Amino acid sequence: AEDGFTVQDFELWWLLIFPVFFGLGWLAARVDMREVLGQAKHVPASYFTGLQALVDDETDRAAAALAEVVRHQPRAAELQVALARLYRKRGEHDLAIRQLTRLLQDHADDLTPSQRDAARFELAQNFLRAGLVDRAEEILVKLGQGALAHEARKCLLEIYQQERNWPRAIELARELKSEDFSFQHELAQYHCELAQGALIKSDFDGARHHVADALAASRRSCRASLIAGDIHLAQGEVEEAIRAWQGIESQNPDYLSLAAERLLDAYERQGRAAEGVVLLRGYLRSYPQLELLDVLYPKIAALHGDAAALEFLRETVRGRPSLTGLGRLIEAQLPGLEPEQRVDADVARTLVQSHGKRLNVYRCKRCNFRSKVFFWHCPACGEWESFTPNRTETQ
């Protein structure tokens with residue numbers, strides 16, 4: 001009986017505890033809601049105006065509204081950094097720099113270490129965009145050991161690329177290398193830049209060393225093979241140069257067009273010009289490229305005559321029609337036409353060639369930037385090896 005009383009007593013206590021728990025939860029919720037509502041009353045209306053403007057993508061109205069909030073709450077560090085980022089997006093770097101400088105000077109004691117680092121990082125970004133590279137670098141170097149170390153080093157890498165400080169860029173890219181991003185293309189290009197500089201100075205040993213490092217970073221570096229061939233040719237090693245340039249086919253055949261003239265010149269030095277033409281015609285059949293057509297046509301005309309060059313043009317244009325090829329085909333047939341026909345054909349040639357020239361561009365595969373000149377490093381988005389090595393005729 002005593003044991004039964006204990007069990008009943010225990011269950012009774014549980015029945016009494018449940019309402020107590022529910023009551024405490026209800027009371028806590030009421031207190032929290034009062035606190036939230038009380039805080040909401042102190043949020044300036046400009047804050048919500050700014051958020052609505054951001055949603056509507058009206059950055060000018062958003063910047064003005066958030067600047068009003070910051071004026072009333074100068075210690076709101078996260079909001080100040082967000083507003084500075086908005087200024088940077090709008091290209092108003094001077095406003096962002098003034099605001100962040102004032103925050104770091106006047107309210108430094110109120111900032112947590114993470115808030116201070118975020119403000120400094122944003123300030124460095126604005127210095128960089130404003131062209132004040134030295135001041136940006138000074139801040140980023142100090143941030144290189146903190147919570148924002150990875151982001152700071154990536155910005156430093158951008159600076160070293162702009163300054164063409166390739167040794168420092170190589171060192172930093174190796175530090176940033178991870179399983180997610182190997183930086184193999186970047187490292188290969190940095191070494192190629194050094195190799196090109198050494199070759200210009202006739203430092204062949206240094207150039208070879210950097211080419212080897214480039215290929216160690218990326219075995220598919222076509223630029224390294226191009227420079228390797230240039231080094232061999234400069235030292236009279238013509239056969240080795242030809243082998244280096246032919247190796248591009250196994251790396252990426254799209255880049256063969258960059259080696260086309262080099263190959264023809266090398267074969268000509270050896271008295272084997274016709275063999276070089278046969279090699280490039282084989283490349284053109286396997287990998288149709290406008291640049292190969294431009295290089296081959298005058299060489300075939302010089303070696304085998306205008307009739308053979310005309311037949312080559314017909315074969316190529318029929319196989320892969322292009323405005324550039326069509327313009328050359330019309331031009332090649334002009335001498336054999338009657339005077340009246342020649343006038344009409346010349347008008348057609350001019351029209352086709354001018355339109356083809358306008359469309360004929362190199363294009364960045366990442367940002368779609370178009371240029372009449374080939375770049376290894378896209379001047380618009382900063383990506384390496386993103387430019388198509390062959391011109392296109394598309395809008």
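Tutor: Tyr255, Tyr362, Phe369, Phe374, Phe375, Trp376 and Phe387 make up one aromatic cluster. Keep in mind that this is a predicted model: local features need pLDDT of at least 70, side-chain atom pairs count only at pLDDT 80 or more, and totals for chains, interfaces and linings use all residues. Residues are numbered from 1 along each chain as its sequence is written, and side-chain values use heavy atoms, with hydrogens and water left out.

Student: How many aromatic pairs does the structure hold?

Tutor: Ten. Rings of Phe, Tyr and Trp (its six-membered ring) pair if their centres lie within 6.5 Å; planes under 30 degrees apart are stacked, over 60 edge-to-face, the rest tilted. Tryptophan 166 and tyrosine 190 are a stacked pair, at 5.6 Å centre to centre and 25° between the planes.

Student: Which parts does that pair tie together?

Tutor: Tryptophan 166 is in helix H9 (residues 166-176) and tyrosine 190 in helix H10 (residues 184-200), so the pair links parts 24 residues apart in sequence. Helices here are DSSP runs of H or I, at least four residues, numbered from the N terminus.

Student: Is tyrosine 190 buried or exposed?

Tutor: Buried, at 0% relative accessibility. Buried means under 20% relative accessible area, exposed over 50%, partly exposed in between (1.4 Å probe, protein chains only). Tryptophan 166 is buried too, at 6%.

Student: Switching topic: what does leucine 140 touch?

Tutor: Leaving aside neighbours within four places in sequence, leucine 140 contacts Phe121, Ala124, Ala152, Cys155, Leu156 and Ile159. Contact means heavy atoms within 4.5 Å.

Terms used
Helix = DSSP H or I, 4+ residues; strand = E, 2+ residues; numbered from the N terminus.
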